[in-house]
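Colleague: I'd like to learn how to read a structure like this one. Could you walk me through a few features?

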Amino acid sequence: MFGVVPKTLWSKTQPVDELNRIAAGLNCFVIEDGSQRILVETGGGVRHDERARERMGMPDPPRIQESLAAQGFEPESIDIVVNTHLHWDHAGGNTVDQNGRVLPALPNARYVVQRGELDHAREQHPRDAVSYRPVNYEPLIEGGRMSVMDGDGDIAPGIDVRVAPGHNRNMTVVTVRSGGKTWCHLADLVMYAAQVTPTWVTAFDLFPLEAIDNKTRILGQAAAEDWWCSFAHDPKVAFAKIEIQEGKWRVHQCLI
């Protein structure tokens, strides 16, 4: 998760267990704009065999419908689902198995993803094929429930997605502007709040140099314009602001 960054540095904020594992969230967000509800990501889903659950320390993974309902959002109330990319830990809750069929987990939602990301997922490249599970997106394409975008664009008024290569070629970040404030969900461009230093990239990033460039650009804008930011896998920090002091990047005003 922290690539070539020495463990002596990152373990100060992310302690490890006896198997050298760190805690990770599968963070999803609901946006309400007064007329519709938009869900960003659907988490890891429940299609994991016993060995995988044991390996990841995830004995009872939550279902997205249950997670939503626990926060007061009925699954039927979600109008749009944004998948920043199609890795299983971001899109695993897209669909459910029911009576021998694969159905949308959010029955009234339109799912949105980048065309380039779908194309890459279908390539099943040896480098990252393990991250892509067709059951999470192909049934939605076949059923006309998933829309594909070609590059940056608006999801709804004040809500847009921007392609930010680095983790992979077509991952997007989500930006919401309302009431003079901005929130940016950084997805896997910045998995943990501790990774706001641009050079702290992960071993999973297919294009680490582009990740550094895009982190520098987007986080620089976030710091200059006082944005709130969120991270894909931080289990502790829900939202934070970014600041740069004497060339050092850090988070502040963290909401936990």
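Colleague: Let's start with the pockets. How much space lies in the largest pocket?

Modeller: Keep in mind that this is a predicted model. The largest pocket holds about 1,500 Å³ of space. Its lining is made up of 45 residues, and those closest to the centre are Ala24, Leu26, Trp88, Asp89 and His233.

Colleague: Which element gives the most to the lining of the largest pocket?

Modeller: That's α3, with four residues. At least two residues each come from β1 (29-32), α2 (50-56), α3 (64-70) and α4 (88-91).

Colleague: And what does the lining of the largest pocket look like by class?

Modeller: Sort the residues by side-chain class and you get 24 nonpolar, 13 polar and eight charged residues.

Colleague: How much space lies in the second largest pocket?

Modeller: About 400 Å³. Here 21 residues form the lining, with Phe29, Val30, Ile31, Trp183 and Phe239 closest to the centre. β1 makes the largest contribution to this lining, four residues, while β1 and β10 (172-178) each supply at least two. By class, the lining of the second largest pocket has 13 nonpolar, three polar and five charged residues.

Colleague: Now strands. How do β4 and β5 run, parallel or antiparallel?

Modeller: To read a strand pair, look at the direction of each strand and at the bridges between them. Strands β4 (residues 95-98) and β5 (residues 101-104) run antiparallel and are joined by four bridges.

Colleague: Which residue takes a positive phi in the hairpin of β4 and β5?

Modeller: Asn99, with a phi near 55°. This hairpin has two residues between the strands. While we're on strands, a general idea for the viewer: side chains of a regular strand alternate between the two faces of the sheet.

Colleague: Let's pick a single residue. Where is His167 found?

Modeller: Look in the loop between β9 (159-163) and β10.

Colleague: Why is His167 classed as buried rather than exposed?

Modeller: Because its relative accessible area is 2%, and buried means under 20%.

Colleague: Which side chains make polar contacts with the side chain of His167?

Modeller: Asp188 is one of them, at 3.1 Å. The side chain of Asp205 is joined to that of His167 by a polar contact of 2.9 Å.

Colleague: What else is His167 in contact with, beyond its neighbours within four places in sequence?

Modeller: Besides Asp188 and Asp205, the list has His85, His87, Met191, Phe204 and Leu206.

Terms used
Residues are numbered from 1 along each chain as its sequence is written. This is a predicted model: local features need pLDDT of at least 70, side-chain atom pairs count only at pLDDT 80 or more; totals for chains, interfaces and linings use all residues. Side-chain values use heavy atoms; hydrogens and water are left out. On a 1 Å grid over the protein atoms alone, a cavity is a set of points where a 1.4 Å probe fits but cannot get out, and a pocket is an open set with protein on both sides within 12 Å along at least five of seven lines; lining residues have an atom within 4 Å of a point. Grid points are joined across faces, edges and corners, and a volume is the space filled by probe spheres set on the points. Ala, Val, Leu, Ile, Met, Phe, Trp, Tyr, Cys and Pro count as nonpolar, Asp, Glu, Lys and Arg as charged, and the others, Gly among them, as polar. Two strands pair if DSSP finds at least two bridges between them. Buried means under 20% relative accessible area, exposed over 50%, partly exposed in between (1.4 Å probe, protein chains only). A polar contact is a pair of N or O atoms within 3.5 Å; within protein, one must be able to donate a hydrogen and the other to accept it, and residues adjacent in sequence count only if both atoms are side-chain atoms. Contact means heavy atoms within 4.5 Å.
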